[in-house]
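Hi,

Here is the structure I promised to pass on.

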Amino acid sequence: MNYNSLRIDVLTLFPAMFQGPMTESMLWKARDRGLLDLRLHDIRDFTTDKHRTADDIPYGGGGGMIMKPEPVVAAIEHALIDAPPGTPVILMTPQGRVFSHRIAVELSRHERLVLVCGRYEGIDDRVRQLLITDELSIGDYVLTGGELPAMVVIDAVVRHIPGVLGAEGAANSDSHADGILEGPHFTRPPLFHGLSVPQVLQDGDHGKVARWRREQGLRRTWERRPDLLLTAELTEDERYLLGRFADEDSRRATG
Ligand code: ADE
């Protein structure tokens, strides 16, 4: 296996949910090339009773069921065999820190990751206290379990493993890669339903194309996600452009 490969162990009560998303397209390619070693573990396989019980009623009453600690801890310990010290053990939960491009890049640099998918009302908190090193949310809404969030995290992380994406460094020009959004993209034909591809792209002067793309990205960010501009690293020229957008806006408002 390539030294850059990433092994991800996923602990879930529903491993079948991962069929499809994890066997198609880029993720399949990453696995086929030996860059991603994805291992799914059914938490129920770590139960010890004949009914394979993975959940129980909550202490103190209230609705819903809680995932029992024993099988989850056994599954995590199994996944951590031979893992390097510092391997993240991540619980998917709406209470976690909000997942982002920056976190995806950071996680892609590890050799191993363990993702724990919660179900029901949650996991017995002692699992978190004992073994969880990080908790991630994919947004401020509640899903029925951590499986879809785990797939989101895997997809976003795997794109940053060197060699996974076709064009070298393609992930570097993604929206969010440098703190701002990407501008629009076009392919042939040059004229479609009366709309033409911007002339600068058709001319193909690489310097001008790069400048145009940066400007379009900045414009989109200005219009859609101005909050990102508070933290984006911008050149003096780019700050000047933002000033121009602001002038255009105020002229439109007063015009
Ligand atoms: N489990 C349920 N909802 C979730 C969310 N928004 N993010 C991560 N895990 C979750």
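How many salt bridges does the count come to? It comes to 20, and bear in mind that this is a predicted model.

R97 and D134 meet through their side chains at 2.7 Å, N to O. That pair ties together distant parts of the chain, with R97 in strand β5 and D134 in strand β8, 37 residues apart. D134 is buried at 15% relative accessible area, while R97 counts as partly exposed at 35%.

The next two pairs sit within helices. R128 bridges to D125, again with 2.7 Å between the closest N and O atoms; the two are three residues apart in α4, so about one helical turn separates them. Both ends are partly exposed, R128 at 32% and D125 at 35%. In α7 (residues 206-224), R219 and E215 are four residues apart, so about one helical turn lies between them too. Their closest N and O atoms are 3.7 Å apart. R219 and E215 also belong to a salt-bridge network that takes in R244, E248, D249 and R252.

Now for the inside. The largest nonpolar core has 29 residues, and I8, L107, I154 and V158 touch the most other members. At least two residues each come from β1, α1, β2, β5, α3, β6 and α5, with α5 giving the largest share, six. If you centre on L107, you'll find P88, I90, F99, L113, L136, V153 and V157 touching it, leaving aside residues up to four places away in sequence. Another core, of 18 residues, lies apart from this one and includes L11, L13, A54 and I123.

In α5, the buried residues are E147, P149, A150, M151, V153, I154, V157 and V158. The 12 residues of α5 should span 16 Å, and its end C-alpha atoms are 16 Å apart, so the two agree. Helix α2 (residues 69-79) buries P69, P71, V72, V73, A75, I76 and A79, under cover that includes β1, β4, β5, β6, β7 and α4.

On the surface, F14, M17, Y120, Y141, L143 and L148 make a nonpolar patch with about 530 Å² of accessible area together. L143 is in the loop between β8 and α5 and is partly exposed at 36%.

Lastly, L195 in strand β10 is exposed, at 63% relative accessibility.

Cheers

Technical notes: Residues are numbered from 1 along each chain as its sequence is written. This is a predicted model: local features need pLDDT of at least 70, side-chain atom pairs count only at pLDDT 80 or more; totals for chains, interfaces and linings use all residues. Side-chain values use heavy atoms; hydrogens and water are left out. A nonpolar core is a set of buried Ala, Val, Leu, Ile, Met, Phe, Trp, Tyr and Cys residues joined through side-chain atoms within 4.5 Å. Buried means under 20% relative accessible area, exposed over 50%, partly exposed in between (1.4 Å probe, protein chains only). Contact means heavy atoms within 4.5 Å. Patches are made of residues with over 30% relative accessible area and no salt bridge: like charges are joined within 9 Å, nonpolar side chains (Val, Leu, Ile, Met, Phe, Trp, Tyr) within 5 Å. Accessible areas come from the Shrake-Rupley method with a 1.4 Å probe; for residues, only the protein chains shown count as cover. A salt bridge is a side-chain nitrogen of Lys or Arg within 4 Å of a carboxyl oxygen of Asp or Glu. The expected span of a helix is 1.5 Å times one less than its number of residues.
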